[in-house]
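User: Hi! Could you walk me through a few contacts in this one? I'll just ask as I go.

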Amino acid sequence: MLKELVQKTRSYRRFDASFTIEKQTLVDLVDLARLTASGANLQPMKYCISYTKEKNDLIFSCLRWAGYLPDWPGPEEAEHPTGYIILLGDTTISKKFGVDPGITAQTILLGATEKGLGGCLFGSIDRKQLRNILDLPEEYEILNVIALGKPVENVIIDPVSPDGNIRYYRDENKNHHVPKRSLADVLIGE
């Protein structure tokens, strides 16, 4: 059921670094993403994949891991992701990418969950460093990075507290809590 898949598709930030993601798995996720809707059907999205430890380590160094957890620098080496998909916008096709990055990112993350994987979508990226690492031509705008792997953390959806605090947090057992607004809070006009 789609709702169950959506509920399982969380932002995971800790993975089993001993689990190998095969190149074909990443290619399959890109293939899934390319089938999604695209604004004006321009299809300006391009993708760069990574599945080797050497390249993954370089990409890892370009990411900012958890804004609401300022004392946490990111996962320790044994919990690094084992695959990445970098979402690129081809500026020779369009200068604006509208809804396309969101549609493709969510599709990739849902597909990853269906395959027993987890991921985290990044917008906080050292784009200059990443461009150099990947040797990307200037016509490809770096939009987002999706880190992927076999999750080793428990993500719990909680209701937003009465004070309205929506910040995610970790408890003493390293469970990752994500407050979500209720249906009554988001449904207007009923």
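**Strands, rings and a threonine**

Analyst: Happy to. Let me begin with a strand pairing: Lys46 has Leu88 of β2 as its bridge partner. Keep in mind that this is a predicted model.

User: Thanks! How many bridges join β1 to β2, and do they run parallel or antiparallel?

Analyst: They run antiparallel, and six bridges join them.

User: And is β1 largely enclosed or open?

Analyst: Strand β1 covers residues 45–50, and five of its six residues are buried, so the rest of the structure largely encloses it.

User: Switching to rings. How many aromatic pairs does a search of the whole structure find?

Analyst: Three aromatic pairs turn up. One of them is Phe60 with Trp65: the ring centres are 5.2 Å apart and the planes sit at 35 degrees, so this pair is tilted.

User: Got it. Is Phe60 buried or exposed? And Trp65?

Analyst: Phe60 is buried at 16% relative accessible area. Trp65 is buried too, with 5% relative accessibility.

User: What kind of pair do Trp65 and Phe122 form?

Analyst: An edge-to-face one, with 4.6 Å centre to centre and 75 degrees between the planes. Trp65 sits in the loop between α3 (53–60) and β2 (83–90), while Phe122 belongs to strand β3 (residues 118–122), so the pair ties together parts 57 residues apart in sequence. Phe122 is buried, as is Trp65.

User: Which residues form one aromatic cluster, then?

Analyst: Phe60, Trp65 and Phe122 make up one cluster.

User: Nice. Which charged residues lie over the face of a ring?

Analyst: Among them are Arg13, over the face of Tyr168 at 4.6 Å from the ring centre, and Lys150, over the face of Phe19 at 5.6 Å from the ring centre.

User: New topic: where is Thr91 found, and is it buried or exposed?

Analyst: Thr91 is in the loop between β2 and α4 (100–114). With a relative accessible area of 18%, Thr91 is buried.

User: What does the side chain of Thr91 reach?

Analyst: The backbone oxygen of Glu139, at 2.8 Å.

User: Last one: which residues does Thr91 touch, not counting those up to four places away in sequence?

Analyst: Leaving out residues up to four places away in sequence, Thr91 touches Phe97, Glu139 and Glu141.

Definitions and conventions:
Residues are numbered from 1 along each chain as its sequence is written. This is a predicted model: local features need pLDDT of at least 70, side-chain atom pairs count only at pLDDT 80 or more; totals for chains, interfaces and linings use all residues. Side-chain values use heavy atoms; hydrogens and water are left out. Rings of Phe, Tyr and Trp (its six-membered ring) pair if their centres lie within 6.5 Å; planes under 30 degrees apart count as stacked, over 60 as edge-to-face and the rest as tilted. Buried means under 20% relative accessible area, exposed over 50%, partly exposed in between (1.4 Å probe, protein chains only). Helices (H or I, at least four residues) and strands (E, at least two) are DSSP runs, numbered from the N terminus. A charge sits over a ring if NZ of Lys or CZ of Arg is within 6 Å of the ring centre and within 35 degrees of the ring normal. Two strands pair if DSSP finds at least two bridges between them. A polar contact is a pair of N or O atoms within 3.5 Å; within protein, one must be able to donate a hydrogen and the other to accept it, and residues adjacent in sequence count only if both atoms are side-chain atoms. Contact means heavy atoms within 4.5 Å.
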